[in-house]
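Please read them beside the coordinates.

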Amino acid sequence: MNVQDKINQDLRHNYFVTFLDGTFFWLGNSFFAERTILPLFISQLTDSTLAIGILSALVATGTMLPQLFTANWVQRSPVKKMFPVNIGFFTERLPIIALVLAAWMVTWSKPAALIFTLVCFGWFKLGIGVVAVGWQDMVAKLFPMRTRGRFFGTTFFVGTVAGILGASGAAWVLDNYPFPTNYMISFGLGAVFMMISWGFLALTKEPADPPKIIPPKKSVDWKKIREVLKEDTNFRRYILASIIGAMGTMAVGFLTIFTLNQWQLPISLIGLFTTFFLCGQAVGSLGFGWLADRYGHKLVLEIINLLSAFSLVIALLAKSPQVFYLVFALQGAYGAAAMLSGINIVFEFCTPDVRPTYIGLANTAIGIFTGLAPLIGGLIIDQFNYTALFTTAMVFSLAAYFALRFGVAEPRLSHQST
């Protein structure tokens, strides 16, 4: 039995276990939600907007930066599963257990707790980045191209529904237990579900690739990267458009703090914000997953940049905090589709033999600017105000739409078998 026959034989099994991996991952993530709960936790440790900016930078960049430096490693490996399972246990699961200790440290030192929180979360996000190329290459290997949108969409949808339940549980815990015990419990529950997620991921069945030409033993194959950037004009334009879009995300990490402070709202509303964010994510996952399989991931990325700009217009014009439920829902839809189509569109620019290089190059290049965006956003708030921040982010989102719409050709037409 050849590799493709084995993949086809195990397709349903792999769909099931990968689906459960994603479901429990999102459930666990909802108990330390990086866009709502963690910013709130940090705001109770310090008044510095820089700390929130650093957190947002880690959210945006941590998973991206290491990928270029692991691409050649993944390309050499005949089995991709070892990256998210064997290495991922230490790089992306253990730091969430350590996050519980960060909440406990508040009892004797808030500055120490703040530093350790950022260290643990940085460890978590960078750890995801270390294994991300391997995981993405594994998914591209095990699932046919025109099923990936629905697979990701269904997984994100069910995971988001589980996350909504988790967010409700997290809100109840935060509201009914004293600080910092409430965060210790919430982070602890997140760690438990993340470990269950890892257990299902470990059950993935992946046959080894057949012998092939092995790339040189380099951490980064700069020659291959130069060739890609020089010869693949369409991919180069895609990266540029995505960098512009990344700058449009500079306001996202500040939405929760802005809304709570602007209208002096109780902390308990954090659960509602997370719920609306996750509802937007759930609807976006299903809708954009179907749309991507039918019409392509490029169209999805164009639409969500318009959605991002629209959500910021709403934030600028808002006259009541209830309006921000829609803002969070739109940002949730944006986040789901950006992940779904941002991952999958890269597969369609290339052939399988160079896929890890394309994945690493795109994610690292885009990730640098995704990380800079919230830091710049924090500086804009300190020097000007939130209106200037939202306006700047909106302009970048609109510019990204035009760059994708008129500068990038549909990549799916070039690699029908990828």
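The points below run from the whole chain to single residues.

1. Ground rules. This is a predicted model: local features need pLDDT of at least 70, side-chain atom pairs count only at pLDDT 80 or more, and totals for chains, interfaces and linings use all residues. Numbering starts from 1 along each chain as its sequence is written, and side-chain values use heavy atoms, with hydrogens and water left out.

2. Overall fold. The protein chain has 17 helices and 0 strands. Helices (H or I, at least four residues) and strands (E, at least two) are DSSP runs, numbered from the N terminus. The radius of gyration is 21 Å, close to the 22 Å that the globule rule gives for 418 residues, so the chain is as compact as a globular protein of that length. That radius is taken over C-alpha atoms, and the rule is 2.2 Å times the number of residues to the power 0.38. Along its principal axes, the C-alpha trace spans about 60 × 45 × 35 Å.

3. Of the 418 residues, 59% count as buried. Buried means under 20% relative accessible area, exposed over 50%, and partly exposed in between (1.4 Å probe, protein chains only). Contact means heavy atoms within 4.5 Å. Among contacts with a separation of 6 or more, 87% come from residues 24 or more positions apart.

4. Cores. A nonpolar core is a set of buried Ala, Val, Leu, Ile, Met, Phe, Trp, Tyr and Cys residues joined through side-chain atoms within 4.5 Å. The largest has 71 residues; Phe187, Leu389 and Phe390 have the most contacts inside it. Helix α7 supplies the largest share of this core, 7 residues. Apart from it lies another core, of 51 residues, including Phe83 and Val133. Beyond its neighbours within four places in sequence, Leu389 touches Met250, Ala251, Phe254, Gly377, Ile380 and Ile381.

5. Helix α7. Its 33 residues (110-142) should span 48 Å at 1.5 Å a residue, and the end C-alpha atoms are 46 Å apart, which agrees. The expected span is 1.5 Å times one less than the number of residues. Still, α7 has a kink of about 45 degrees, centred on Val131. The bend at a residue is the angle between axes fitted to the seven residues ending there and the seven starting there. At the N-terminal end, Ser109 caps α7: a side-chain oxygen lies 3.2 Å from the backbone nitrogen of Ala112.

6. Helix α6. The 23 residues of α6 should span 33 Å, and its end C-alpha atoms are 33 Å apart, which agrees. Yet α6 bends by about 75 degrees at Gly88. Please look at that site.

7. Glu92. This residue is in α6. Glu92 is buried, with a relative accessible area of 5%. Its side chain makes a polar contact of 3.5 Å with that of Arg93. Such a contact is a pair of N or O atoms within 3.5 Å; within protein, one must be able to donate a hydrogen and the other to accept it, and residues adjacent in sequence count only if both atoms are side-chain atoms. Leaving aside neighbours within four places, the contacts of Glu92 include Phe124, Gly127 and Val131.

8. Val106 sits in the loop between α6 and α7. Val106 is buried, at 11% relative accessible area. Its contacts beyond four places in sequence include Leu45, Phe179 and Pro180. A cis peptide bond joins Phe179 and Pro180, with omega about 5 degrees. Pro180 lies in the loop between α8 and α9.
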